[in-house]
Amino acid sequence: MKMKKKYIKMLSYLCTVVIITLSGCEKEDSISASSIEFTPKATNLSVDFKNESTNVRYFTWNFGDNTTASKDINPSHFYENEGTYTVTLTTTGRDGEVKTLTKQVTVTAPENFVKGGKMEAGDISKWTVLNISSGVNITFENGKAVAKGGSWGHAGIYQAIQVEANVKYQFSALVAGSGASDTWLELYFGSSQPVQSSDYSEGGNRIGLNTWGGCGTTPFNGNLATIGCAGSLVGKKGEITFNKTGTVYLLIKTGGGNLGNGGISIDNVSLVKAL
C-alpha cells in the first residue's frame with residue numbers, strides 16, 4: 001500500500017514537470033514577430049525620427065552622414081549641410097530576427113541670420129573673439145572655431161544680428177569635444193555689445209553644456225540646442241522669440257578647469273525663422 005502511494009506521488013510529480021516544461025515551450029514559441037518602421041520629420045537642418053517598430057529589443061540608427069546612434073529610441077539629428085541623406089534603422093526583435101529599413105531624408109537650409117556660421121576662411125571676419133580671462137584661447141581652424149585650454153580661463157565669440165519682435169526663431173550650432181571637466185559653454189543674446197576683458201551674462205544663458213549639470217563630460221558631437229543641459233531653452237529645440245526689433249548680440253562663451261583633449265569646436269551656427 002505504501003509503495004502504491006509513493007508511485008502515485010512520483011507519477012503526479014512527473015506529470016507536473018511535463019506540464020510545466022510544455023507550458024514553457026509554448027510561451028517561448030508564442031513570442032510575437034517584430035516589425036520595423038520609422039517616420040522622419042525635417043525642420044530646416046534638424047530631423048526628428050519617430051521609431052514605430054514593435055517587439056524590438058535592440059536598434060541602431062545610421063543617419064547617412066557618418067554618424068550613428070543607439071541610445072535614443074526617437075532621436076533628433078542635426079545635419080551640417082542641406083541635401084538628401086540615406087537613413088537606415090536596424091533592429092533586433094525579441095524573437096532574435098534582425099531587420100533593416102532605409103529611407104531618404106531631405107533637409108534644406110533657410111535664410112540664416114547669423115553671418116559666417118560655417119566658420120570657413122571667409123567667415124572669420126564676421127566674428128569677434130572675446131577674451132574674458134587668460135587660460136582659454138579661441139582660434140579658427142579646419143572650418144571650426146575651437147576653444148582650447150582651461151585653468152579657469154574664459155573666452156567667447158560674438159557678432160551682431162538683426163531680429164524681429166515676436167517672431168519665432170530656431171537656434172542651432174554643432175559642438176563637439178572629447179569630454180571636459182569643470183567646464184561650461186553657454187549661449188547669450190544681449191542688447192549691449194560685449195567688452196573685452198569683461199564677462200557677459202546679459203539675457204541669461206539660453207542653452208549650454210555644463211559638466212556639473214551632466215553634459216560635456218564624455219565625448220559629444222551634436223546640436224547644442226538638443227544636447228545642452230543648462231539654460232532657459234533646454235527642451236525647446238532652440239526655439240526663441242525676441243521682445244524688440246533691432247540688433248542683438250549673439251555670444252557663445254566657454255571656460256573652466258579643462259576643456260578636454262583638443263578642446264571644444266563650434267561650427268554651423270545658425271538662427272533661422274522657425275517653420
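By class, eight charged, 14 polar and nine nonpolar residues make up the lining of the second largest pocket. This is a predicted model, so keep that in mind as you look around.

Let us stay with this pocket. Its volume is about 510 Å³. Of its 31 lining residues, Thr 43, Asn 44, Leu 45, Ser 172 and Val 272 are the closest to the centre. Strand β17 (264-273) gives the most to this lining, with four residues.

Now turn to the largest pocket, where the residues closest to the centre include Thr 68, Phe 220 and Gly 222. Here the largest share of the lining, four residues, comes from β14.

| Pocket | Volume | Lining residues |
|---|---|---|
| Largest | about 900 Å³ | 32 residues |

In β4, Thr 68 is the bridge partner of Asn 62, and two bridges join β4 to the antiparallel strand β3 (residues 56-62). These strands belong to an open, antiparallel sheet of four, ordered β4-β3-β6-β7. Its edge strands, β4 (68-69) and β7 (98-107), each pair on one side only.

Finally, have a look at the backbone. Most residues other than glycine have a negative phi. Asn 142, though not a glycine, has a positive phi of about 55°. Asn 142 sits in the loop between β9 (136-141) and β10 (144-163) and is exposed, with a relative accessible area of 76%. Trp 152 has a positive phi too, near 65°, and its place is in strand β10.

Terms used. Residues numbered from 1 in each chain as written. Predicted model: local features only at pLDDT ≥ 70, side-chain atom pairs only at ≥ 80, totals over all residues. Heavy atoms only, no water. Buried < 20%, exposed > 50% of the residue type's maximum accessible area, 1.4 Å probe, protein only. Pairing = 2+ DSSP bridges. 1 Å grid on protein atoms, 1.4 Å probe; cavity = no way out; pocket = protein on both sides within 12 Å on 5 of 7 lines; lining within 4 Å. Points joined across faces, edges and corners; volume = space filled by probe spheres on them. Nonpolar A, V, L, I, M, F, W, Y, C, P; charged D, E, K, R; others polar.
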